[in-house]
Amino acid sequence: MAHGAGGMASAALFEAVFAPALSNPALDAREDGAVLDLPPGRLVVTTDSFVVRPRRFPGGSLGDLAVHGSLNDLAAMGADPVALTAAFVIEEGLPIAELRLLVGDLAAAAAAAGVPVVAGDTKVVESGAADGLYVTTTGIGVIPAHRPRLCAGAVELGDAVLVSGTIGDHGIAVLLARGDLALEADLMSDTAAVHGLAAVLLDTVPGVRWLRDPTRGGVASALNELAELCGLAIELDESAIPVHPAVAGASELLGLDPLYIANEGKLVAVVAAEYASAALAAWRSHPLGAASAIIGRVIAEPAGMVIGRTGFGGTRVIDLLVGDPLPRIC
């Protein structure tokens, strides 16, 4: 508990774990806040908290998610990331060795994305008051002047719906990593920073209306929110939606629908119909978009709903997620 008391032990924790991993001029100044020189454009700020269990899983960790989650929210707004802040709530008894690994993952993810962690905070709570470690990150980004404003109100009839790759990878990878089920699969979380994927679309293709990173609630929840906000309907061609065979198999065994399972390295886009092919080519030119696909279109009725055309030729309503089939996955 002394590590959270603000005294000598707190300083030792910072010097031993956080300072070596996250060092940069803004953080090293040790001030109460970071002073940033921002490029011209529209400022975007987003905050998210991360509580995944287990804290390390195939393809990533809590540290990776804490970076990618906030950066991807910025990307979905069309912003280029400038900086991150990170706050850690640490449960008494968490091994320092594990904390060091997770902070190292966070630092490596931020470095790979080219985004510094410029400020942060640590709190230590009593044993039993938290599930080991909670991390909250805030992302700061700027939308360049030449990029369009992305919003549901810009969506029009006939627009195409695209996804940047296979869906449900993260949620199923974390579920299997818990070891509660006698299932094994060669599957990795898709956790990744997608601002480069967003940029290659926004900077090369006109007619992009809307972007979203479909995390909790998956693609279905993101598109239901869009349909409600724009007052139109979304029709999906379910046979066109890319799903990893391991995700499809595990989902079928467990009675889950991949459309509702979380992703941590994917984008869903709505693009004017005449630019759909160009958008698909742009995404497929990027390493994170190799499996991207056009999966649907915007239609008039039934307004505010998402409809799926099944492989059997019928249709079904893809409603909002009820409950939480996969808790603690991001």
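Is C230 buried or exposed, going by relative accessible area? Buried: C230 has a relative accessible area of 19%, and buried means under 20%, exposed over 50%, partly exposed in between, with a 1.4 Å probe and protein chains only.

Quick caveats, folks. This is a predicted model, where local features need pLDDT of at least 70 and side-chain atom pairs count only at pLDDT 80 or more, while totals for chains, interfaces and linings use all residues. Residues are numbered from 1 along each chain as its sequence is written, and side-chain values use heavy atoms, leaving out hydrogens and water.

Back to the cysteines. Searching the whole structure for disulfides (cysteine sulfur pairs within 2.5 Å) gives zero. The sulfur of C230 sits 10 Å from the closest cysteine sulfur, in C151, so that's too far for a bond. C151 counts as partly exposed because its relative accessibility is 26%.

Now, aromatics. There's one aromatic pair in the whole structure. Ring centres have to lie within 6.5 Å for Phe, Tyr and Trp (its six-membered ring); planes under 30 degrees apart are stacked, over 60 edge-to-face, the rest tilted. F18 and F88 have centres 4.7 Å apart and planes at 55°, so they're tilted. They link distant parts of the chain, 70 residues apart: F18 in helix α1, F88 in strand β4. Helices here are DSSP runs of H or I, at least four residues, and strands are E runs of at least two, numbered from the N terminus. F18 and F88 are both buried.
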